[in-house]
Amino acid sequence: MSSRARDGSDGRVVRVASGQGFWGDWLEAPRRQVEGGPIDYLMLDYLAEVTMSILQKQKERDPAMGYARDFIGAVESVLAAVAERGVRIVANAGGVNPRSCAAAVRAMAQKHGVSDRVRIGVVTGDDLLPRLDALITGGHGLANMETGEPLSAVRDRVLSANAYIGSTPIVEALARGANIVITGRSTDTALTMAPLRHEFGWGPTDWNRLAAGIVAGHIIECGAQCSGGNCLVDWQTIPDLANVGYPIVEGRADGTFAIVKHPNTGGRISVASVSEQLVYEMGDPRSYITPDVIADFTSIHLEQAGPDRVRVFGITGTPPTDKLKVSIAYRAGFKAVGTLVYAWPDALAKAQLADRVLRERLDHLGLRFEHILSEFVGASATHGRLAGEPHDPPEVQFRIGVRGDDRAAVERFTREIAPLVLNGPPSVTGFAGGRPKVEEIVAYWPALIDKSQVQTEVEVLA
Amino acid sequence: MKVRLVDIAHARSGDKGDTANVGVIALRPAWYPLLQRHLTLDRVREHFRGEIEGPVERYELPNLNAINFLLHGALDGGGTLSLKTDAQGKVFSTAMLRLVLDIPADEARKLELPTGRQPRTYSRSPKE
């Protein structure tokens, strides 16, 4: 039976709940969202800019991998609600291998004897890696949106390339009866907008409502970051963060919606908390570009409609461009970061001396790096000179990082931190973590491609 | 009189590549005109001088009583390239709130600006 809520005066309400704001978010959240009260859809966002490349590396090691494995546990934790209550899941957990992700979900559902009540929709077509050379020779330079450089400059180091796809294939999967929809690199916002578009039958040129769905998606795509998490306003008085309620969109056919959370949960949903999330990662507010629509964030109206309830209305949108954004990841050298902690008295001066000594030694060794960065945590690491002079802190952490193409040089750098404990400035501690680890850098290359070059496919596994 | 931005506004910041965005929001709608008047492109550029390498962009959102700033070249390359603690620009928001505004005393009274805390000079803008 559907858990769909009804409201006599204003028509049907569809509830889309956010259960994951990034890969690594609270494992408890999906289960709490289905158990805390009625919802229709559970939206799980797993993909950040560089997540695709991590998944691509995993797929290279094992062709059955390459998706967000946390997702299988998340679905398992809410499986009864999907099978018995009709809650549907939309997630971009497929990463670079949506089909394997679907197979893993199916196997898990079989184990629990409910595979007949789970219909998995798989959205593919975003992966451009196999076609990359053909695209480049076909005149699609995939120039870096920030620097203008053509992709050919780093072509031999590319790990993954995925177009950000919109709501249409998700809507199709839902229309074909899928109750778990798994995508690859779909936009975060489409995961919320697609269920609303499907439920209310919004057309592909219904710009204002599509834009409203995108704004709803932007508000809840970072999980609790709109419901009291990371909220600066009155942070001391935000109740019960241990039990924080993740946000839910209560959508209506006319494109208006409310942001709410389940009763008896912590956190706070206010005009201030929602406003903070709206400006998060914002560019030009009049032009929030998605594959479906361009939303105008200066049209958004917020109103406190009750405790932990913010009504959102007035949103307008305009037709999208004929391009899709492409997320490309490429190998970009190596880095390592080391830290030591210096204690009072003169903690900062000791840390600064350690920095000079270390840099001199790196020089003597003839090590060359593309970049060296020193920070003094507790004095100036996050606010730089804006922090002013520190007032005799009890300790300062010296944090130094290097970056470069020469792995051996970065490796050698990691051996120069610990010796400072015995042969550098005094009152030093905090090196228990051991030698810093050398990390390969996988960098992000944003580009654009003609929409006509990307065809999505939808499969619904019976 | 000196009014700390942190007492009349809140903020959140995030990243897009090597760019940090800072959205500054007035704590009361009546205080938004102060942000519009004082948080000029020049003022913010000066505030972050030496801390960022690129230009600054400014966008008003009167509907949210907010102004969004884009600080380019703020994140040491950004994303995974960055060696900074704040590689994703998460706390540029509070660095922005260190600004101190000069408000005429009668206007501050009329707008009921908070005066409870001692203003501290965080900003080193030559205009102060």
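Chain A and chain B bury about 3900 Å² between them, and 54% of that is on carbon and sulfur atoms. Buried area here is the accessible area, with a 1.4 Å probe, that two parts lose on being put together, summed over both. On the chain A side, A:H383, A:R385 and A:L386 lose the most area to chain B, together 20% of what that side buries.

A word on the ground rules. This is a predicted model: local features need pLDDT of at least 70, side-chain atom pairs count only at pLDDT 80 or more, and totals for chains, interfaces and linings use all residues. Residues are numbered from 1 along each chain as its sequence is written, chains are lettered from A and ligands numbered from 1 in the order in which they are written, and side-chain values use heavy atoms, with hydrogens and water left out.

Back to the interface. Chain A gives 49 residues to the contact and chain B gives 41; contact means heavy atoms within 4.5 Å. How many salt bridges cross the interface of chain A and chain B? The rule finds 3, taking a side-chain nitrogen of Lys or Arg within 4 Å of a carboxyl oxygen of Asp or Glu. A:R385 pairs with B:E51 in a salt bridge, with the closest N and O atoms 4.0 Å apart.

By class, the side of chain A that touches chain B has 24 nonpolar, 14 polar and 11 charged residues. Gly counts as polar in that scheme.

Now the cores. A nonpolar core is a set of buried Ala, Val, Leu, Ile, Met, Phe, Trp, Tyr and Cys residues joined through side-chain atoms within 4.5 Å. Buried means under 20% relative accessible area, exposed over 50%, partly exposed in between (1.4 Å probe, protein chains only). The largest core has 73 residues, and A:I219 and A:F257 have the most contacts inside it. Helix α9 of chain A, residues 207-220, supplies the largest share, 8 residues. A:F257 touches, among others, A:A212, A:V215, A:A216 and A:I219. Apart from this core lies another, of 40 residues, A:V78 and A:V114 among them.

Last, the lysine. A:K261 sits in the loop between β8 (257-260) and α10 of chain A. Is A:K261 buried or exposed? Buried, at a relative accessible area of 10%. The A:K261 side chain reaches the backbone oxygen of A:T265 at 2.8 Å, and that of A:G266 at 3.0 Å. A:K261 also touches residues including A:Y246, A:R268 and A:D308.

Methods
Helices (H or I, at least four residues) and strands (E, at least two) are DSSP runs, numbered from the N terminus. A polar contact is a pair of N or O atoms within 3.5 Å; within protein, one must be able to donate a hydrogen and the other to accept it, and residues adjacent in sequence count only if both atoms are side-chain atoms. Lists of a residue's contacts leave out its neighbours within four places in sequence.
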